[in-house]
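Hi,

Here's the structure I promised to pass on.

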Amino acid sequence: MFMKSYILTALLVLMFGFGLVNAETPSATIIRSAPADGSVYPVNPLRRHGGVRTVTLYMNTLQGVRNASDFLVKTSAGEIIPIQRIQPISFPGVNMVVLLFENDRALPHGERTRITHLPSQSSVCLGVLAGDVDGNGLMTSADASKILGVIEGRLDRTALGLIADLNGDFTETMADYETFNDIFTGRNGQANPPLRRLPACPAI
């Protein structure tokens, strides 16, 4: 019995060692992201250091993930956003890649941006639209009502996936409602008329 086991082990070593059998290693694939895939960032991007300036991709493995050129960042307008560098981070059960964009730039307002891992063709799509509290790709008066609902405690922002902190001060107050009004009317200097609808996600 021992001899049979020894022979089988030796055969396996020879087969794998000489390439007769390919030892499959999992391909790196995007599982999820932060901000989340399909989400819309509604905070006023004109505030200091505002906007989405880094994106974290959670991967099934970091095997073969080495260069910024492994990723493509493309907006719905067709612009390619250069990646300055990537920072792979791994600890038990978690594999992450942080993307940092050149010149500390943010993802563009009024656009959806697709981030693709080129070797696997896996991707996520993120949007930026100031005032879009419920993340449906539209800025409407319904968003104003939801901000008030969060401020007054009538709506659970976590359960509903709402982001009501539009001025980025980590609290939901009437200042956020005023910020929404400024965005909605174009008084914040962002766009006049203001951008109120996101385009579709760009193709891979």
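This is a predicted model: local features need pLDDT of at least 70, side-chain atom pairs count only at pLDDT 80 or more; totals for chains, interfaces and linings use all residues.

Below are some notes on a glycine and on the salt bridges.

Residues are numbered from 1 along each chain as its sequence is written, and side-chain values use heavy atoms, with hydrogens and water left out.

Let's start with glycine 127, which sits in strand β8 (residues 122-128); strands are DSSP runs of E, at least two residues, and helices runs of H or I, at least four, numbered from the N terminus. Glycine 127 is buried, at 3% relative accessible area (buried is under 20%, exposed over 50%, partly exposed in between, with a 1.4 Å probe and protein chains only). Beyond its neighbours within four places in sequence, glycine 127 has contacts that include Tyr41, Glu111 and Leu198 (contact means heavy atoms within 4.5 Å).

Now the salt bridges: there are four, counting a side-chain nitrogen of Lys or Arg within 4 Å of a carboxyl oxygen of Asp or Glu. One of them joins lysine 146 to aspartate 134, with the closest N and O atoms 2.7 Å apart. Lysine 146 belongs to helix α2 (residues 141-151), and aspartate 134 to the loop between β8 and α2. Arginine 154 pairs with glutamate 152 at 2.8 Å, N to O, and both residues are exposed. Glutamate 172 bridges to arginine 157, again with a closest N to O separation of 2.8 Å. Glutamate 172 is partly exposed at 27%, as is arginine 157 at 36%.

Cheers
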